[in-house]
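Here are some exercises to work through with the model open beside you. Try each task before reading its solution.

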Amino acid sequence: MSLVGKKFPNISVDAMSEMGDNLKINILDEAVKNNKKVLLFWYPKDFTFVCPTELHAFQDALPEFNKRNTIVIGASCDSNEVHFAWLNTPKDQGGIEGVTYPILADTNRNLSNILGILDIESTSYSEETDSVIIEGSNVTFRATYLIDETGKIFHESVNDMPLGRNVNEYLRMVDAYTHIQKNGEVCPANWEEGKEAMLATRAGVASYLSN
């Protein structure tokens with residue numbers, strides 16, 4: 001079920017900083033208390049293949065997100081210790097050395113389970129072991145959330161494991177939402193900063209389409 005238009009879950013999660021500090025981060029608090037937008041992106045695993053390309057891409061775009069009053073936070077189900085090891089592995093060895101934003105360590109999968117983004121094919125109960133058996137990798141898909149200054153989710157997307165994200169699209173989404181906040185206009189298809197938006201009326205649509 002989509003969470004767009006709803007408050008982000010009020011839950012704190014372990015996280016790792018670039019300096020090796022163990023943190024507790026509450027995404028809702030990050031948005032509301034700092035009066036900032038938040039981009040939270042989930043990836044399947046540390047020390048894989050597509051994942052480091054995405055973390056470096058978000059790092060490269062970090063100055064642009066900062067200009068837009070937007071905090072970037074990564075997340076996976078790996079532990080803080082694994083995150084720290086990856087942060088200290090050079091880029092040419094598949095590492096993410098140089099990444100400066102925090103990375104959530106949702107090892108208990110509390111948040112990712114609430115969001116419904118875990119790769120779980122099925123669950124069953126084993127009487128023999130008195131336990132729940134999970135079929136599937138039980139790691140997250142490439143899910144992305146944009147949260148506004150009130151803690152409301154205004155965008156969510158989920159990619160399958162092999163599909164890397166287009167970071168520029170999230171910059172465009174932040175620009176569009178900020179334009180709506182400031183001007184009360186709506187943003188049509190393929191809108192980009194500097195282009196004409198429109199009023200959410202029949203006359204507004206007609207005027208836009210006639211140009």
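**Exercise 1.** Find in which sense strand S3 and strand S4 pair, and over how many bridges.

*Solution.* Start with the ranges: S3 covers residues 37-42 and S4 covers residues 70-76. Strands here are DSSP runs of E with at least two residues, numbered from the N terminus, and two of them pair if DSSP finds at least two bridges between them. S3 and S4 are joined by six bridges in the parallel sense. To check one of them, take Trp42, whose bridge partner in S4 is Ala75.

This is a predicted model, in which local features need pLDDT of at least 70 and side-chain atom pairs pLDDT 80 or more, while totals for chains, interfaces and linings use all residues. Residues are numbered from 1 along each chain as its sequence is written, and side-chain values use heavy atoms, without hydrogens and water.

**Exercise 2.** Which residue forms a salt bridge with Lys37, and is Lys37 buried or exposed?

*Solution.* The partner is Glu149, at 2.8 Å from N to O; a salt bridge needs a side-chain nitrogen of Lys or Arg within 4 Å of a carboxyl oxygen of Asp or Glu. Glu149 lies in the loop between strand S8 (142-147) and S9 and Lys37 in strand S3, so the pair ties together parts 112 residues apart in sequence. Lys37 is buried at 3% relative accessibility (buried: under 20%, exposed: over 50%, partly exposed in between; 1.4 Å probe, protein chains only).

Conventions. Helices (H or I, at least four residues) and strands (E, at least two) are DSSP runs, numbered from the N terminus.
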